[in-house]
Amino acid sequence: MLGKSWKSAVAATAAAGLVSSAAAVSALAAEEVLRIGAPLALTGGLADEGKKQEAVWQLWLDKVNADGGVEVGGRTMKVEFVQYDYQTDGKRAGQLAEKLITDDEVDVLMAPFGSGHTKIVAAVAERYQVPLIACVASSVSVYDQGFQYLFGTLAPNTGMTESMTAYFKEKMPELRSVAVYGRDDVFPKAMASALADSAKSAGLEVTYNELYAVGTMDHSAAMSAIKAAEPDWVYMTGYTQDLILGRKQMQDLGVEAPIITMVTGPAYREFTEGLGELADGVTSSTWWHHATAYEGAVGPWETTAAFYADFLEAFGTDPDYVHGSCAAAADVLVNAVQTAGSTDKQAVRDALAATEILTFYGPIDFGENGMNQGREMPIIQVHGEEIKVLYPAAIADADLKMID
Amino acid sequence: MDILQILVNGIVLGALYACIAVGFSLVWGVLNVINMLHGSFIILGGYLTFFAWFYLGLNPILVLPAVALVLYLLGFALQYLFINKVVTAPVLTTLTLTFGLDMILYNLMTVYFTATPRRVTLDLGIVEFLGVVTPVDRLLGMGLALLLTALLYLVMRGSTIGRAIVAVRMDRQAAALMGIRVNRIYAITFGIGALMAGAAGAVFAMVFPVTTNLTGVFLGKAFVICVIGGLGSVPGALVGGLALGVIESFAGFLLGPQHAITVGFVLMLILLVVRPTGLVGVKGYE
């Protein structure tokens, strides 16, 4: 009903205008197909994010299948995505993951957007022992459940908060206090908690540390309290609509801090569009930025620049970390199948666990809990209408700007 | 921390809440229909206002009457074509129907407008009085919300249509015997409910982000406000909205923002047990 198979493997081959001999090879190869299942939020609250995953995987698939597929143990395999819309309903994501495994008989699964829904799908994948790659889940609480088949391409939240605290302290030596205000939801809560811990470890005073409930429509009380606490740095986490409202109310109620961080607002174009001038100067961590320059990567894009160019041509807009991480997740998956030499689920799982490769998105090296480790994550800031990278120094294209 | 600031924050928010609930309360009270479309109506009003501002440069306040009219026509049509067919059925039937219609409207908006949060970035500044800071757009929203609520009150009290609506609410059969075309009154009432939602959406586009993610939140608020204030009456929605705004504001300050919403729901549960008619609701009265 809601599902559709991506048949573009055939379409791409035809479009490429390959001659009959190549078509014959393709027809032979069609007997072996790597089937990737993906429950996606294509409607409902997370539709924007789900569509990002869908779009970038289509781009990836077109690229891979334009080359005839992927080489596995000397054979060529076509790749096919089987996706269903779970309508941003966590329970349905779990049910559809089960359907993908038992009914559609996919070889591997991709997790949907967000730590909460990833956790639900991971439990299903674990039950059926199907490898699952999560490209948009970064909360350690998803990975500390003892899952053996779950791997995530985003790095742990804690790495982000420690490097951010250190960077701001270096740039603003008089930085003394921080107010932390997070959404009571898996990822935003984990980030708020990690930042409060990192700030305390770095000797900062946490003058305000509260969570707000999902469905909060007004931040007046919190902003009034933060204003009274007079912090040097305000750190707020949440979804884009929360952050837009929060930043607006900071301004309305006169919260003044030289550093305002909203995770992960500036990583999304809709944040800056929804705030206009108020977005200027807001900082955030992000897992990836297209300014990062990696070369010699596995997969269809050998460099970050090549991915960026293809993405820009296809969609006319800059990719964000969701696009980068999810495309890289597909590269990781193919690499594991190639290493395993087959689509045998246990062999692919073992190959994933041993993964240590460079993708256009950066290095992928899964730790014991299945999370990607050893990545230096960028700090970004809104400068006018542009997003600038402040950290790490190797890819920085601007210096920290204080908010007046 | 200035208690006065918390109180003002709560009152301003409460007036906006009242604007959410008044149309919902009317439809529930008169038609005995729990209108699951209400949150989506508000967001649709917000989108229409946003697009008029973004593409045509029109001020939200100028657009408000047109948006309200569009929503009225939509509400009237939906009631006339669909809901009237089952309006006398048990409440679960109409609830299911409006739930289905809401899924269609909600997903149409998500597909065509995307769930990307939008905002009318008309930052009108703040006013400061006695150390209390209030944003002008919220004050304006509060003024409009109170004005709309008062207008509806006057229409219900003083106009022929208003009296007919009240008559239908009190006794459907007797109203029909008096020559009132009941189905038409139902459609008008539902239309007015949608009109109020559209007007609220136009006001909110200046204050809150406009995104389909918030439809459920608005619907939930409308429900709580109606139970707190009292069903089916305009003053009930106003009192319920103001009470919830002030309670959430103080609860957020005293107990932490994490618990602000919980306190509102706890109050709703208590009232359901000890005073089911709400703070000012009187059964059978409009």
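Modeller: Let us start with a term: a disulfide is a pair of cysteine sulfur atoms within 2.5 Å. This is a predicted model, in which local features need pLDDT of at least 70 and side-chain atom pairs count only at pLDDT 80 or more, while totals for chains, interfaces and linings use all residues. Residues are numbered from 1 along each chain as its sequence is written, chains are lettered from A and ligands numbered from 1 in the order written, and side-chain values use heavy atoms, without hydrogens and water.

Biologist: Thanks! How many disulfides does a search of the whole structure find, over all chains?

Modeller: The cysteines A:C135 and A:C326 are joined by a disulfide, S to S 2.1 Å. Over all chains, the search of the whole structure gives a disulfide count of 1.

Biologist: Now the domains: what distance separates the centres of domain 1 and domain 2 of chain A?

Modeller: The domain assignment (bounds from an automatic or database source) gives domain 1 as 4–155 + 290–365 and domain 2 as 157–286 + 378–395 of chain A. Their contact, meaning heavy atoms within 4.5 Å, takes 19 residues from domain 1 of chain A and 13 residues from domain 2 of chain A. Taken over C-alpha atoms, the centres of the two domains of chain A are separated by 31 Å.

Biologist: Which three residues supply more than any other three of the area that domain 1 of chain A buries against domain 2 of chain A?

Modeller: Buried area is the accessible area (1.4 Å probe) that two parts lose on being put together, summed over both. The two domains of chain A bury about 1100 Å² between them, with 53% of it on carbon and sulfur atoms. On the domain 1 side of chain A, 31% of the area comes from A:S138, A:S139 and A:Y321.

Biologist: Which helix gives the largest share of the side of domain 1 of chain A that touches domain 2 of chain A?

Modeller: Between domain 1 and domain 2 of chain A, 2 residue pairs are in polar contact, both at pLDDT 80 or more; a polar contact is a pair of N or O atoms within 3.5 Å, where within protein one must be able to donate a hydrogen and the other to accept it, and residues adjacent in sequence count only if both atoms are side-chain atoms. Helix 3 (47–66), helix 5 (115–128), helix 6 (140–143) and helix 13 (321–340) of chain A each supply at least two residues of this side of domain 1. The largest share, 3 residues, comes from helix 3 of chain A.

Biologist: What is the closest N and O distance in the salt bridge of A:E270 with A:K52?

Modeller: A salt bridge is a side-chain nitrogen of Lys or Arg within 4 Å of a carboxyl oxygen of Asp or Glu. Across the interface of domain 1 and domain 2 of chain A, the rule finds 1 salt bridge. For A:E270 and A:K52, the closest N and O atoms are separated by 3.9 Å.

Biologist: Which residue of chain B forms a salt bridge with A:D218?

Modeller: Between chain A and chain B the count is 2 salt bridges. In the one that has its closest N and O atoms 2.5 Å apart, the partner of A:D218 is B:R138.

Biologist: Which three residues supply more than any other three of the area that chain A buries against chain B?

Modeller: The contact takes 38 residues from chain A and 40 residues from chain B. About 3000 Å² is buried between chain A and chain B, and carbon and sulfur atoms give 61% of it. For chain A, 22% of its area comes from A:M217, A:Q241 and A:K248.

Biologist: How many residue pairs are in polar contact across the interface of chain A and chain B?

Modeller: Both residues of each pair must be at pLDDT 80 or more. With that condition, the number of pairs found between chain A and chain B is 7.

Biologist: Back inside chain A, how far apart in sequence are the parts that A:K63 and A:D310 tie together?

Modeller: These two form a salt bridge, with closest N and O atoms 2.9 Å apart. A:K63 lies in helix 3 and A:D310 in helix 12 (residues 304–315) of chain A, so the pair ties together parts whose sequence separation is 247 residues.

Definitions and conventions:
Helix = DSSP H or I, 4+ residues; strand = E, 2+ residues; numbered from the N terminus.
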